[in-house]
Amino acid sequence: MSSLFEQDHRFTPAWFHKILTLAVLTCLLTASSLRSQKTTQVDVNLKTELTVVPSAGYGVGMSVYDNNFTSPGLADKVKAAGVTALRFPGGSYADLYHWQTHSATAGTTIYLHPNDTFEHFMTKNLLPAGAQAIITVNYGSNAAGTAGGDPAEAAAWVRYANIEKGWKIRYWEIGNEIGGNGYFGNGWEEDLHAPYGKNRLGEAALSQTAYGKNALQFIAAMKAVDPTIKIGVGVDMPDANPGTGDEALLREVRDKIDFVIVHWYPKTSATDLTVTEDIKPQVAALREVIAKSAGAAQRKIPLAITETNGGASGPARALFATDTYLYWFEAGAFTVEWQEMHKGFLAGSGEVPLDTPSGAYYGTQMASMAARPGDVLVEAQSSSPMLSVHAVKRTDGSVALVLINKHPNQPYLVNVAIPGAGLGTSATRYDFGRANYTLNSSWPSSGPAQSKMEGVGNKFTVTVPATSETVLLIPGK
């Protein structure tokens with residue numbers, strides 16, 4: 001390519017003025033960019049361990065109405081994202097679904113794809129992906145549609161899965177969002193422990209007390225088949241439907257349950273990514289309710305977040321997913337299920353090719369690259385609420401750092417301090433965010449970018465662009 005001088009030999013004062021003006025503007029823009037870049041401090045305390053990353057931590061919900069339930073390569077993509085748990089049969093359908101016949105409760109009309117059987121869930125999805133199952137048994141209705149869920153049906157499911165097939169499914173939920181059965185006014189969840197056609201508000205058979213008493217029958221029947229399984233019941237977070245009866249439920253089940261279930265759907269505004277900071281104080285409040293109602297020994301009972309979603313769309317959703325999984329692990333959750341597989345995790349049939357990864361997919365992948373099952377999440381603090389940080393002591397002796405810039409247009413210059421360990425000076429860096437999206441598409445055009453970063457160690461500085469996240473894998477010396 002010819003130079004400017006070769007294109008035009010007339011080196012005039014006017015030409016020189018144009019070049020000078022461009023140079024000055026470039027300097028001003030560069031200086032402005034540097035001035036607009038905020039600085040924040042991140043401090044990591046490797047000695048304060050928060051939790052071990054759980055083996056079933058990274059979950060996704062699957063539903064029996066999914067038209068792409070066993071699409072080719074699905075299990076491989078799930079595994080590549082770091083997913084370690086899959087939930088079945090999916091949300092409110094669980095209280096209408098009968099696994100043995102792959103059918104709905106008599107008298108109801110719901111769509112079930114004929115391919116989406118429990119057998120296919122296990123053999124085509126879960127086992128090839130190397131994941132663990134989270135199974136929701138039908139609490140709401142018996143097959144005939146004449147009463148509530150049948151404990152014998154749930155026990156038969158345990159027998160088939162764990163005794164006959166030897167699949168050793170460990171985690172079982174009793175019903176889905178039973179608090180939405182109409183007792184408190186809003187009714188979206190099927191529950192035939194009381195008939196429809198009359199006012200369900202305040203009906204004793206639909207109360208949380210009744211749910212607790214009935215749950216004990218499920219627990220007895222299911223554990224009689226396999227006493228090694230873990231069973232949980234659903235509760236509300238203190239900021240969701242306050243006063244809806246967690247106390248009454250917990251008084252009934254007390255030490256008979258192995259975990260409690262929470263569904264967490266926060267605000268979905270792209271500018272409200274800081275909502276994840278509410279998780280830990282809300283969990284602390286919930287644990288106080290548990291200790292008061294079920295006994296102090298249950299204060300640290302494990303949590304299962306079997307439905308969550310949020311973060312609006314685009315790159316913000318990826319950031320939300322990464323932050324949500326890690327915050328919930330730090331708060332004591334042993335599994336977190338993104339809702340759901342082909343509605344926001346992988347693409348269904350539509351605007352992009354089937355099984356195209358979403359922002360939530362890559363957000364899960366970013367979290368799982370940093371914090372693998374068996375690694376230890378440790379204390380880390382950021383001086384800015386818009387720059388979230390998570391730190392990990394990994395089993396191979398390395399340290400992982402997750403930096404999430406939630407600001408829509410502000411890059412952060414992050415000063416990092418990680419005392420107390422001998423760390424290498426060269427790190428593997430992964431970046432994902434706005435740069436992975438083209439134009440106004442809500443689907444990313446590429447996955448995380450990998451690079452090498454030099455000059456790290458116990459103290460270093462790194463820039464995290466606006467609406468993006470960075471994972472640093474720093475080896476030990």
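I began with helix 8 (residues 279-294), which has 16 residues and reaches 21 Å from its first C-alpha to its last, close to the 22 Å expected at 1.5 Å a residue. I note here that the model is a predicted one.

I then asked which residues of helix 8 are buried. I find Ile279, Gln282, Val283, Leu286, Arg287, Ile290, Ala291, Ser293 and Ala294 on that list. As a reminder to myself, an α-helix has 3.6 residues a turn, so residues three or four places apart point the same way. Looking for what covers the buried residues of helix 8, I found that the cover includes helix 7 (246-253), strand 9 (259-264), strand 10 (303-308) and helix 9 (315-330). Just after helix 8, I saw that Gly295 takes a positive phi of about 105°.

Next I turned to the aromatic rings, and a search of the whole structure gave me 30 aromatic pairs. I looked up Trp99 and Trp157, which form a stacked pair at 5.5 Å centre to centre, with 15° between the planes. This pair links distant parts of the chain, since I place Trp99 in the loop between strand 4 (97-98) and strand 5 (103-104) and Trp157 in helix 5 (residues 151-164), 58 residues apart. Trp99 and Trp157 are both buried.

I also looked up Tyr139 and Phe218, whose aromatic pair is tilted, with 5.9 Å centre to centre and 40° between the planes. Tyr139 lies in the loop between strand 6 (132-137) and helix 5, and Phe218 lies in helix 6 (residues 208-225), so this pair ties together parts that are 79 residues apart in sequence. I record Tyr139 and Phe218 as buried, too.

Returning to Trp99 and Trp157, I find that they belong to one aromatic cluster, whose other members are Phe69, Phe88, Tyr97, Phe118, Phe121, Tyr160, Trp167 and Trp172. On a separate ring, that of Tyr196, I noted Arg200 lying over the face, at 3.7 Å from the ring centre.

Last, I went to strand 18 (residues 459-464) and asked which of its side chains are buried. Strand 18 runs antiparallel to strand 15 (residues 412-417), and 6 bridges join the two. Within this pairing, I noted that Ala417 stands opposite Lys459.

Technical notes. Residues are numbered from 1 along each chain as its sequence is written. This is a predicted model: local features need pLDDT of at least 70, side-chain atom pairs count only at pLDDT 80 or more; totals for chains, interfaces and linings use all residues. Side-chain values use heavy atoms; hydrogens and water are left out. Buried means under 20% relative accessible area, exposed over 50%, partly exposed in between (1.4 Å probe, protein chains only). Helices (H or I, at least four residues) and strands (E, at least two) are DSSP runs, numbered from the N terminus. Two strands pair if DSSP finds at least two bridges between them. Rings of Phe, Tyr and Trp (its six-membered ring) pair if their centres lie within 6.5 Å; planes under 30 degrees apart count as stacked, over 60 as edge-to-face and the rest as tilted. A charge sits over a ring if NZ of Lys or CZ of Arg is within 6 Å of the ring centre and within 35 degrees of the ring normal. The expected span of a helix is 1.5 Å times one less than its number of residues. Contact means heavy atoms within 4.5 Å.
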